[in-house]
Amino acid sequence: MDQQKQPEQGQERQSLVSFLVEKKQDVLLFFLRFAGIFFGVLFPAGLGPGVYQLSLICFIAVYAIRLYQRLNGIQFSRAYFLKATMDDCGHYIIFGIIAFPQAPVVLVLLPFMANSLLAMVHFLSTLTNKTGQLGFLNRPIAYVTSKVQSILQFVVNVEIAILAMSIVRMVMMFSVFGVMSAFSYVHFTMLRCASQRNNLQGKFWGGVGVFCDSLSAHPRCPGFVRNAYYRVKSFFTQQLMALKQMQQQQTQQQ
């Protein structure tokens with residue numbers, strides 16, 4: 001029986017070349033992600049803002065290609081634009097476009113690099129399973145796979161830190177560009193909160209809301225502070241509900 005099973009299992013394996021040819025788009029994405037991480041690692045080494053911008057371009061290209069794949073092409077219509085902005089790939093295209101004209105900050109590259117690492121590991125895992133080759137990668141793949149939730153939480157923490165930095169910069173160095181940048185990051189954060197694929201941002205801000213509710217309910221909380229808080233909360237809650245409704249509509253249409 002064992003001797004009969006071995007050929008059958010062998011027939012299920014693909015050669016490395018045939019796998020790479022079949023997954024040529026994924027191979028392109030793999031090398032774009034690798035290039036983005038490579039340039040991102042070079043930036044702190046003092047090679048100037050050029051490598052920072054190259055890293056962002058690689059990551060934006062990755063998400064643009066993924067968005068193209070998910071939406072089956074490009075259409076010049078309002079409905080397509082809304083669908084693109086509600087997709088997770090669209091979120092990070094917006095994030096990259098916001099960051100590109102600003103002063104280079106290593107922190108901005110970290111969410112891209114972490115997400116790209118997870119995608120690359122997933123690709124390599126599929127490659128090793130389908131081809132039975134590159135077995136020496138199994139252990140590092142298993143290690144990264146076991147840390148997926150920690151890496152995703154790290155991405156959320158970094159994105160929140162970037163939002164906080166943009167708000168502080170807006171207050172300390174008030175300018176039109178600073179205000180636009182801060183509000184753009186706020187909009188990105190709300191898009192991430194409305195995400196159906198990854199709701200870690202929504203869970204975090206939900207916890208922040210519960211904590212702020214308890215503070216505002218304290219007897220020593222001034223009335224004007226409580227009223228201002230509930231107005232701000234009501235505004236963002238309405239905006240978030242509108243985004244979630246739009247996303248549900250897009251999902252139903254698909």
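**Note on the salt bridges of a predicted model**

1. The side chains of D87 and R70 form a salt bridge, with N and O 2.8 Å apart. The term salt bridge is used here for a side-chain nitrogen of Lys or Arg within 4 Å of a carboxyl oxygen of Asp or Glu. D87 sits in the loop between α5 (78–86) and α6 (88–99), and R70 in helix α4 (residues 49–71), so this pair ties together parts that are 17 residues apart in sequence. Helices (H or I, at least four residues) are DSSP runs, numbered from the N terminus.

2. This is a predicted model, in which local features need pLDDT of at least 70 and side-chain atom pairs count only at pLDDT 80 or more, while totals for chains, interfaces and linings use all residues. Residues are numbered from 1 along each chain as its sequence is written, and side-chain values use heavy atoms, leaving out hydrogens and water.

3. Is D87 buried or exposed? D87 is buried, at a relative accessible area of 10%, whereas R70 is partly exposed at 29%. Buried stands for under 20% relative accessible area, exposed for over 50%, and partly exposed for values in between (1.4 Å probe, protein chains only).

4. D87 also meets the side chain of R197 in a salt bridge, at 3.4 Å from N to O. R197 lies in the loop between α10 (176–193) and α11 (200–216), and D87 in the loop between α5 and α6, so the pair ties together parts that are 110 residues apart in sequence. R197 is exposed, with 57% relative accessibility.

5. A further salt bridge pairs D213 with K233, whose closest N and O atoms are 2.8 Å apart. D213 belongs to helix α11 and K233 to helix α12 (residues 223–253), so parts 20 residues apart in sequence are tied together by this pair. Both residues are partly exposed: D213 has a relative accessibility of 23%, and K233 has a relative accessible area of 31%. As for shared partners, salt bridges join R70, D87 and R197 into one network.

6. Over the whole structure, a search finds four salt bridges. Those described above are among them.

7. On confidence, the protein chain has an average pLDDT (the predictor's confidence in each residue, from 0 to 100) of 87, and 93% of the residues score at least 70. Which helix has the lowest confidence? Helix α1 (residues 2–12) does, with a mean of 44, while helix α3 (residues 24–42) has the highest, at 95.

Technical notes: Helices (H or I, at least four residues) and strands (E, at least two) are DSSP runs, numbered from the N terminus.
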